[in-house]
Amino acid sequence: MATNGTTRVSGPISGEQLAEIRARIIASNSDSGVSSGQTTPARTAAQSGLHMPKSGHYEAKETIPNTPLAASVISVALGAAAGIAATCAFQPLLRWLGEANWTWARPQLGIYLTAWATFHILEFWTTAGWNFQKLSVDAFLLNNTNEYHIAHLVGLAEYFLSSYFWPAKFNSVVASPWVLVVGLLVAGQSFRSLAMVHANKSFSHIVKTVKLEDHTLITHGVYSHPSYVGFFYWAVATQLLLSNIVSTIGFIVVLGRFFRSRIRDEEIHLTRFFGREYVDYKARVGSGLPFLGV
């Protein structure tokens with residue numbers, strides 16, 4: 001528990017707990033300005049959660065917001081512009097390579113890759129814009145787990161193998177109505193990103209075992225775990241979009257087991273943090289994934 005800024009933990013301290021305690025000490029020292037005895041402009045900018053640290057070698061013009069979120073948005077926009085321009089420039093080469101005969105180059109594949117990239121971009125943007133204290137390059141979730149990347153590679157492998165050995169599948173009853181699936185994809189992504197914005201500083205990509213001062217219970221949401229709900233349906237929709245039979249079933253089973261275990265573990269700590277208030281909230285709104293038994 002925390003008393004007058006001091007963290008007391010009974011029993012052995014795990015690596016995660018130690019990291020959280022260290023983060024609190026750093027934040028406390030930063031807020032009080034202990035390193036310099038006073039608050040400097042650079043420190044004020046960092047504390048605000050809005051601007052990147054200022055340098056004594058260069059002063060930003062401030063005509064463009066000097067924030068990680070703005071820098072990321074600009075990077076994505078420039079990258080997208082460069083990608084579109086390169087595609088147009090290399091059209092003659094693509095035609096020479098027989099682009100018209102590429103049976104695998106379907107709109108579904110393009111939408112899938114766009115959705116995958118957008119998911120990781122929005123993970124960073126929502127953290128940069130509404131949860132600055134937890135911002136790092138890890139917020140892209142590109143180094144989340146090896147299993148995550150393996151799962152998507154397996155999904156792509158099934159798509160390309162089907163395109164080569166069973167192309168008729170994409171025009172049969174087995175094929176997903178991909179226009180409708182895109183709606184599920186967008187809904188899942190929107191649900192997750194809005195949940196992260198809604199939770200603000202209380203959101204974390206890892207299960208917290210130590211309650212920090214900025215950790216508050218959000219009780220006016222539609223589900224107790226909305227970000228998990230959004231990710232679950234987004235991930236399943238990516239495989240439906242590619243008309244993957246094996247991978248769709250695999251995603252449902254593996255993600256179901258993962259979220260069932262994670263939610264149960266997280267709820268142990270949430271009940272310890274907030275007691276009856278969380279128990280009543282969970283009973284009132286549910287997890288949003290009742291078929292997982294949570």
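**Entry 1: the cavity**

I looked up the largest cavity, and about 50 Å³ of space lies in it. I worked on a 1 Å grid over the protein atoms alone: a cavity is a set of points where a 1.4 Å probe fits but cannot get out, while a pocket is an open set with protein on both sides within 12 Å along at least five of seven lines. Lining residues have an atom within 4 Å of a point. Grid points are joined across faces, edges and corners, and a volume is the space filled by probe spheres set on the points. This is a predicted model, where local features need pLDDT of at least 70 and side-chain atom pairs count only at pLDDT 80 or more, but totals for chains, interfaces and linings use all residues. Residues are numbered from 1 along each chain as its sequence is written, and side-chain values use heavy atoms, with hydrogens and water left out.

How many cavities of 30 Å³ or more does the structure hold? I found one. The lining of the largest cavity includes K134, K201, F203, D214 and H215. I sorted that lining into three nonpolar, three polar and four charged residues. My classes: Ala, Val, Leu, Ile, Met, Phe, Trp, Tyr, Cys and Pro are nonpolar, Asp, Glu, Lys and Arg are charged, and the others, Gly among them, are polar.

**Entry 2: the second largest pocket**

Next I took the second largest pocket, which holds about 600 Å³ of space. Its lining has 33 residues, and A199, F203, S224, P226 and E266 lie nearest its centre. By class I got 18 nonpolar, 12 polar and three charged. Which helices each supply at least two residues of this lining? I listed α7 (178-199), α8 (226-241), α9 (245-274) and α10 (276-285). Helices (H or I, at least four residues) and strands (E, at least two) are DSSP runs, numbered from the N terminus.

**Entry 3: α8 and its contacts**

I checked the span of α8: its 16 residues reach 22 Å from first C-alpha to last, close to the 22 Å expected at 1.5 Å a residue. The expected span is 1.5 Å times one less than the number of residues. Is α8 enclosed or open? I counted 13 of its 16 residues as buried, so α8 is largely enclosed by the rest of the structure. Buried means under 20% relative accessible area, exposed over 50%, partly exposed in between (1.4 Å probe, protein chains only).

A195 lies in α7 and is buried at 9%. Not counting residues up to four places away in sequence, A195 touches P226 and S227. Contact means heavy atoms within 4.5 Å.

**Entry 4: positive phi**

Most residues other than glycine have a negative phi. I noted the exceptions below.

- S243 is buried at 4% and touches K169, F170, A175 and S176, leaving aside neighbours within four places in sequence.
- L141 has phi near 60°. L141 sits in the loop between α5 (107-130) and α6 (146-165) and is buried at 11%.
- N200 also has phi near 60°. N200 lies in the loop between α7 and α8 and is partly exposed at 29%.
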